[in-house]
Amino acid sequence: MMNTYVIDRRLNGKNKSAVNRKRFLERYKKHIKRAVNEAVNSRSITDMEHGESISIPADDIREPIFGHGQGGRRNIVNPGNKEFVSGDRIAKPPGGQGSGSGSGQASNSGEGLDDFTFNITQDEFLEFLFEDLELPNLVRKELKSMDDFVYRHAGFTNTGVPAKINVVRSLKNAHARRIALSGKSRRRLKEVSKLIEAEEAKDKTLRNKNLLLDLIAEKEKLETKIGRLPFIDDFDLRYNLSAKDPVPSNAAVMFCLMDVSGSMTQATKDIAKRFFLLLYMFLRRNYEKIEVVFIRHHTSAKEVDEEEFFYSRETGGTIVSSALRMMQDIVKERYPANAWNIYAAQASDGDNWNDDSPICQRILEKEILPKVQYFSYIEITPRDHQALWHAYENVRSSFPNHFAMEQIVDQSDIFPVFRQLFQRKVT
Amino acid sequence: MSKTIQPPKDPRHEPITTSSEWTFAHIQEFDRVIGNIAREYRLDTYPNQIEIISSEQMMDAYSSVGMPVGYHHWSFGKQFLQTQGNYERGFMGLAYEIVINSNPCIAYLMEENTMAMQALVIAHACYGHNSFFKNNYLFKTWTDATAIIDYLVFAKDYVAKCENRYGVETVEKILDSCHALQNYGVDRYKRPSPISAAEERARQEERESYMQQQVNLLWRTIPITKEESEQQKTRRFPQEPQENILYFIEKNAPLLEPWQRELIRIVRKIAQYFYPQRQTQVMNEGWASFWHYTLMNTLYDRGYVNEGFMFEFLSSHAAVVYQPPYDSKYYSGINPYTLGFNIFSDLRRMCEKPTGEDYEWFPDIAGKDWLDTLHFAMENFKDESFIQQYLSPKVMRDMKLFCVYDDEESPEYEIKAIHDDPGYRQVRSALADQYNLSTREPNIQVVNVDLRGDRSLTLKHTRHNNIPLNKECNEVLKHVHRLWGFDVHLHSYDGDELMSSYQIPEHLNAEDDSSLENLRYV
């Protein structure tokens, strides 16, 4: 008597909880965003390829229900008595929560103090990051897809979409099928035709009329039988098969230039960091190999590593041209323009020593812009523009395709600058 | 079935397998053999549906309380992330099985289990839990195993439809509020009408209009004659206190849309389905553990499994029924598996090898037929009455149970009773009381609705031993307020003495009275 069924469910989808998980993330967006922002600040801009562990205070995600609180009178039964006898009295530990404070309670409140910690994937991480930057969906998608592909012909297949039908192959198959399937009939047809001819070649009186009629009837039957074979059938169809091949791409170098004089606050630097980050991710999408050069400057420029670039503090005046000169030198030495795609992004609060701005304009126009793919300048300040901005405006009018500049007040302004860059590449 | 167990014709079999890897053929073979032995022990079960799943799928099952289908809600996502996190960091292993009270009875087995574990799980879930579901009186009267899966499908579709029409967030809010009250959405004394998905769908529209009509009648504002109004004043509504708060709100809340009432009903029905499980945890797990132990030992006695297999089984079994003592850092209350297993095992012992103490304490049991005794105990009790009835002095001694009295006003705990002659009865009733749902959960009932006034809803909390409500109480009342739509009051009484009162929304002072005045004419 069998009344048991054993079913293998392992092949069923395993992401049944995906929707609920997403709902949860949606609901605690604020917490997650905060965590993502902190993570961005503590990560390198070239290190965005993994998810993040998020912690939410357990109290914030509690689902309240009616329950007993502390206090009142209660009897609690516990196992494992060692030394107690009836009537013993034990002083309560200070703080109230002791060994005997209730079977259910102890475990519940014990867990309650912990944070609720879970992991989000890289995709989700970027999604939350981009949301703050107010990136449009298309751009988000483009940024997240790491590789570009080209479709290459890779033989034929017998399944596919109508648009991919290979006509010659399909007809060849159909022809072969027709030959194969009608072989027997055609052989017989030949024989019958011969017999008819032989019969007709005889003298009229000698002909066997019945035989002739039979043969003619058979001939007609065979011809319709052959004619009924479909000209082309489903299984004749062949489709072109294409395979995705990653596009080989070249190397690029990205220069990050930033003013680190006393007027740049950590908040301004954090905004700049996000801008550099986007540029980096954009480049990574397009180039196989990317190098990043960090140049910071106050009155003089210095090539530094990322940590120092974003987090060390400096004071003093500002001479922007020092950084541009340094970039120019580095390009000359290490990144010849014919082998490298050069990108540069400069962030500043707009302060510059007044006499220096025309020099900057000259270096950019004469030396740098002819060699770079793209130079973007962001000015992170809520204040009015100064000489540097006006000098750069001149640069923009003479190199509209290679130069972009934008003023940024908070994070969500980063994207417009970035968009210019993007549009140029897409077209 | 015969009353005595027939000695098997061929006492020793070859082991079914000696490998620790499971195969489908072996699972089927084990199920057949275990099933046959189970029938000798008169275990009456629903047909089994054993589903092999991966650990990821087990996590999915976890987060939906084991239900194969369920509506979408963020709290299940939270559950999932929690399980996943703990599992990946190695804080917990996954349960070896999940079993669903349905007909056929669905049991999930993880593919990672060894053959011995699969056999253990089959004995535990497919014959232990399954027979409990089919024969315990609570499950028999309160749940409908044949209809639950269909009903869950209906609920999922209905919630999805509401989300499409009214937006995910709106629906989520209602569900949040219902979840906060789901323990108060069950009928404790009346058997609920059976659920059937087909009828649900057919009747749902009819119900919508009818329910609205009822509500309208209750809240009509057409002027009433004088006599009627006299009557109204003396009439209380509800006439009797109502314990099923969700039901009361579903039927009487003035402002809810019909679809919102239906959502309340869905949460209520599902809570009702789980209600017997919450009341029979010790019995259910104890019964299943007792039977996996007994069935596996019988398998071994008849040679179906070898020693290695038994060693693995026994080490898992020991882990399942391990009870850390109260002062261990692993202690988190009494392990229901241990308690239940010990009671059922001791019942068998009392029947087979009674002592003088047993004849004194359990004259009806000592020396009687053990199968009759166990089946009777399984069928006719819930945790509270089961412990009160069957917890024997021997089990109390073995587990070294003792009862601590904790009075808020005293600086000391008092050991009320321990596992000795004068203490047995007290320990036993204290433990039974611990499993009484109505003392485990605060007793809160709907006592009044101000029909002609500000339409406020009044709840009454009757304190058990002067234990107050927890801190989340205000949050829950906000949910009640969301569903009810007007002011909500909660009074907490110890006996006749009013201990504390809550009100949502919190009125600061009397100046709001004017708005109440206006409301009267809405």
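Colleague: Which residues of H11(B) does H6(B) meet?

Modeller: Keep in mind that this is a predicted model. On the H6(B) side, the contact uses B:Ile148, B:Tyr151, B:Ala155, B:Tyr158, B:Val159 and B:Cys162. Those residues meet B:Trp259, B:Glu262, B:Leu263, B:Ile266, B:Lys269, B:Ile270 and B:Tyr273.

Colleague: How many residues of that contact are nonpolar?

Modeller: Two residues in the contact of H6(B) with H11(B) are charged, and none is polar. The nonpolar count is eleven.

Colleague: Are H6(B) and H11(B) roughly parallel or roughly antiparallel?

Modeller: H6 spans residues 148-166 of chain B and H11 spans residues 258-279, with axes 11 Å apart. The two pack at an angle of about 150°. Angles over 145 count as roughly antiparallel, so H6(B) against H11(B) is roughly antiparallel.

Colleague: And is the crossing left-handed or right-handed?

Modeller: Here we look at how one helix goes past the other. Where H6(B) passes H11(B), the crossing is left-handed.

Colleague: Over to chain A: which helix gives the largest share of the chain B side?

Modeller: The contact involves 79 residues of chain B and 57 of chain A. That chain B side splits into 36 nonpolar, 24 polar and 19 charged residues. Its largest share is nine residues, and they come from residues 74-88 of chain B, helix H3.

Colleague: Which residue is the bridge partner of A:Asn78 in E4(B)?

Modeller: Strand E3 of chain A (residues 73-78) pairs with strand E4 of chain B (residues 402-407). The pairing is antiparallel and runs over six bridges. Within E4(B), A:Asn78 has as its bridge partner B:Phe402.

Definitions and conventions
Residues numbered from 1 in each chain as written. Chains lettered and ligands numbered in written order. Predicted model: local features only at pLDDT ≥ 70, side-chain atom pairs only at ≥ 80, totals over all residues. Axes fitted to C-alpha atoms, helices over the stretch in contact; angles between N-to-C directions. Helix = DSSP H or I, 4+ residues; strand = E, 2+ residues; numbered from the N terminus. Parallel < 35°, antiparallel > 145°, perpendicular 65-115°, else oblique. Left-handed = near helix turned anticlockwise from the far one by under 90°. Contact = placed C-beta atoms within 7 Å. Nonpolar A, V, L, I, M, F, W, Y, C, P; charged D, E, K, R; others polar. Pairing = 2+ DSSP bridges.
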